[in-house]
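Here's a quick briefing to read alongside the coordinates. Have the viewer open, and hop from topic to topic as you like.

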Amino acid sequence: MTNWRAHMMATAIVTALSAIGPALAQEPPPLPAGLSPAETSGDREQTDEPVPNPPALPADLDAATPADRAPEKGTRKPPSPPLGLTGFIDARSGARIIADPTQKTLSIGELRAQLGRDVETNIATFRFVGDFFYDQVEDVSDADIETGHGFFDLREANALVRPLPFLDIKAGRQILTWGVGDLVFINDLFPKDFRSFFIGRDDEYLKAPSDAIRLSAFSEIANIEFVYTPRFDADRFITGDRISYFNPALQRLAGRDAIIDAQSPTEWFKDDERAARIYRSVAGYEVALYGYSGYWKTPEGVTAAGQPFHPRLAVLGGSLRGPLKGGLLTAEFGHYFSRDDLRGDNSLVRNGETRFLAGYEREIASELTASVQYVGEYISDYGALESALAPGATAPDRMRHLITLRLTKLMLNQTLTLSGFNYWSPNEQDGYFRFRASYKLSDAWLAEAGGNIFYGVDEDTFFGQLENNTNLFVGIRRYF
Amino acid sequence: MLAKPLIAAGAMIALAWSQGFAQGTASPADVQEIVNKASAAAYYQGTNGRATVHMSIKDAQGRERTRDFVILRKNIDDVDNGEQRFYVFFKRPADVNKTSFLVWKHADAEDDRWLYLPALDLVKRIAPSDERTSFVGSHFFYEDVSGRGPEEDTHVLEEETADYFIVRSTPKAPSAVEFARYKNWIHKSTFIPVQTQYYDAAGEVFRTYAAVSVETIDGHSTVVQSSMTDTRIGGTTHMQYSDVAYDVDLPNDIFTERYLRNPPLRHIR
């Protein structure tokens, strides 16, 4: 401590003295190692000896030296993972803050270990990522690798090959994403996991894995991608087992007392999905066209016997993304053809619709970014829908409006991230507010807290029905 | 949210690395030309290049965070102080492992930037942001590593020593930056900026860049160690470049969504 003080004093005196001196007397920085002095400077000794490493810092950096030499605290490197494994261990706990008679009070109580491994060979790159977890809320009895229920979730198990200079093929279990919406998906019909999204798991779990083959061909004119999923991969949607919902048959909120058991198309190569995208850049804007043929990802139909199922679906759409007035503009649309209800008069199957969004994002202050999106959903055959309604049933609004707002602020040298994302529908008078505070204690440790607040005037609207699932959570994660 | 610190930093860009002109370059007539040459020496040498970067970020309490990444750079049409493309592949820390970052740097417009988040398979385009905010949580700003436009300041040759041109630069748009002026020690024969000091309105130095070590690689003088100290933030970031190579085989399509999603293994090892 005494030495430190003495050094600081000396540095302060030197600094003060140099400040009083005439400007011209300021010491030039010594040349860094590797730069030779001017050949004409006769007063300088030319030497070929290697400069000690690290070389002396330039004069005015001296003040920083004591800090550099201070005992190193917290500089211990995280131990290297065995067998080239990467991943994390994550503990997370959360509770509902609104009493829900149909659910446990605990919304999440899990310990999770994600393990990943890449194997690179000359022919292919193999990638495996799997999550082992124990969740107190989960019923381990119905463990299922497709739905992620139980104790193991295989996230990725795929091979990437580049057989031709212009072609990439990725086959196997993989995460797939495209489209330009921010937490709003129009042409991205790859499986989502809304349960994880709503209970406070990390954002990465919003995407559920697909078992698919992805072909990507690249050219100067345009890039084309085709994804073939030989057996339909549904969303991990709300079934009532963890998250309560409005059950239209019961005309009330339901949960563990009325778990949805949807009939899912399961036949390989028959109940398949195809998705395609063509994209290119036009004058700094990314322009894309999309097509999809498969099934509604959530059970949007009910059989005559009352069994929920996934009706057939086809989607055509497009998107645009690029800079505008110091920010970023996004736009996307998709027309949904409900193929088991093409005329719109089948009251048991969801009507076709057109979805579109327009968004704008920009930095509004230092390390504070805001983004806003408008999303519209317009029912295709509203007249047919109205006339086919069951007696006593009420029709939804023809158009659903949704506005999203995101704010993200970085603080404390980017170790603390505060973020909020709000969905709000003016016509359905409901919404969903997600917020997070995550703090990087070190390169390896991350602490996080947040909440999922659902609100609405009516209990049968998209977010309104989820009101009782409002929850708060905390989590801690160790990366390795 | 999707925006982890790294992403939402917005202030992220590829690092350029410094190298110099060959000895014997004619002495430039005016100070703007010195600054142009310094910018070219710091950010544009070769037609392309690659480097492995280790960054050590120490805060005021001496706590260390590290970043390890590979950077690929290409000058479009091989023009100094013009368009560039960067590809950055992060290896450490573990939370950003396999995250890749793409920048199309424009001379007269905001840069285009994309970030790929492998866990979500998400290609996120990043909104333009203040260039004088931290790059990946370090003491270097986005602008320190991508280059400040030589035309953004008014330059005066304050002094000439045997080794240095000492240039004082004053911003043309003072409200856009956090400093009042800065002083640059530009090495005469290589045009490498060896030290840069940033002054506040009271005339105090609060921020200092230093080139710590230089090596000649593929005929180009290259800064292989540098540091940035900022008393307002507290602490210092050290950067170390290794496996530097110039004029390597870097096809244009490396700098596209294709390789953002699936890295060019040969180039990032």
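In H2(B), the buried residues are Ile34(B), Val35(B), Lys37(B), Ala38(B), Ser39(B), Ala40(B), Ala41(B), Ala42(B) and Tyr43(B). Keep in mind that this is a predicted model.

**Helix H2 of chain B**

**Nonpolar cores**
- The largest nonpolar core runs to 67 residues, and the ones with the most contacts inside it are Ile71(B), Tyr87(B), Val88(B), Ile186(B) and Ile192(B).
- Another core lies apart from that one and has 24 residues, among them Ile108(A), Phe232(A), Tyr423(A) and Phe454(A).

**Chain B overall**
- You'll find 5 helices and 14 strands in chain B.
- Of the 269 residues in chain B, 55% are buried.
- Looking at contacts in chain B between residues at least 6 apart in sequence, 52% join residues at least 24 apart.

**Strand S10 of chain B and its partners**
- S10(B) is mostly covered, with 6 of its 7 residues buried.
- On one side of the pairing list, S9(B), residues 164–171, runs antiparallel to S10(B) and is joined to it by 6 bridges.
- S11(B) is also antiparallel to S10(B), again with 6 bridges.
- Which residues pair up with Ile186(B)? Phe165(B) stands opposite Ile186(B) in S10(B), and in S11(B) the bridge partner of Ile186(B) is Pro193(B).
- Ile186(B) also shows up among the residues with the most contacts inside the largest nonpolar core.
- The hairpin of S10(B) and S11(B) has 5 residues between the strands, and there Phe191(B) takes a positive phi near 65 degrees.

**Where the two chains meet**
- How many residues of chain B touch chain A? The count is 63 residues of chain B, in contact with 67 residues of chain A.
- Elements of chain B that each supply at least two residues to the side touching chain A include helix H1 (5–8), strand S3 (64–75), strand S7 (122–126) and strand S13 (220–230). S10(B) and S11(B) are on that list too.
- S12(B) gives the most to that side of chain B, with 8 residues.
- By class, the side of chain B that touches chain A has 25 nonpolar, 21 polar and 17 charged residues.

- Most residues other than glycine have a negative phi, and most peptide bonds are trans.
- Against that background, Arg92(B) and Pro93(B) are joined by a cis peptide bond, with omega about 0 degrees. Pro93(B) sits in the loop between strand S4 (84–92) and strand S5 (100–105) of chain B.
- Lys325(A) has a positive phi near 45 degrees, and its place is the loop between strand S14 (312–324) and strand S15 (327–338) of chain A. Lys325(A) counts as exposed because it has 9 C-beta neighbours inside 10 Å.
- Gln414(A) has a positive phi too, near 65 degrees, in the loop between strand S18 (399–411) and strand S19 (416–425) of chain A. Buried or exposed? With 23 C-beta neighbours inside 10 Å, Gln414(A) counts as buried.

- Phe473(A) belongs to strand S22 (residues 471–479) of chain A, and it counts as buried because it has 20 C-beta neighbours inside 10 Å.
- Setting aside residues up to four places away in sequence, Phe473(A) touches Arg92(A), Ser93(A), Gly94(A), Ser107(A), Ile108(A), Gly200(A), Ala449(A) and Gly450(A). Ile108(A) in that list is also one of the residues of the 24-residue core.
- Ala159(A) is in strand S4 (residues 152–164) of chain A and counts as partly exposed, because it has 16 C-beta neighbours inside 10 Å.
- Beyond its neighbours within four places in sequence, Ala159(A) is in contact with Ala124(A), Phe126(A), Ala171(A) and Gly172(A).
- The C-alpha atoms of Ala159(A) and Gly383(A) are 49 Å apart, and the two residues are 224 residues apart along the chain.

Conventions
Residues are numbered from 1 along each chain as its sequence is written. Chains are lettered from A and ligands numbered from 1 in the order in which they are written. This is a predicted model: local features need pLDDT of at least 70, side-chain atom pairs count only at pLDDT 80 or more; totals for chains, interfaces and linings use all residues. Helices (H or I, at least four residues) and strands (E, at least two) are DSSP runs, numbered from the N terminus. A residue is buried if 20 or more other C-beta atoms lie within 10 Å of its own, exposed if 12 or fewer, and partly exposed in between; C-beta atoms are placed from the backbone. Two residues are in contact if their C-beta atoms, placed from the backbone, lie within 7 Å. Ala, Val, Leu, Ile, Met, Phe, Trp, Tyr, Cys and Pro count as nonpolar, Asp, Glu, Lys and Arg as charged, and the others, Gly among them, as polar. A nonpolar core is a set of buried Ala, Val, Leu, Ile, Met, Phe, Trp, Tyr and Cys residues joined through C-beta atoms within 7 Å. Two strands pair if DSSP finds at least two bridges between them.
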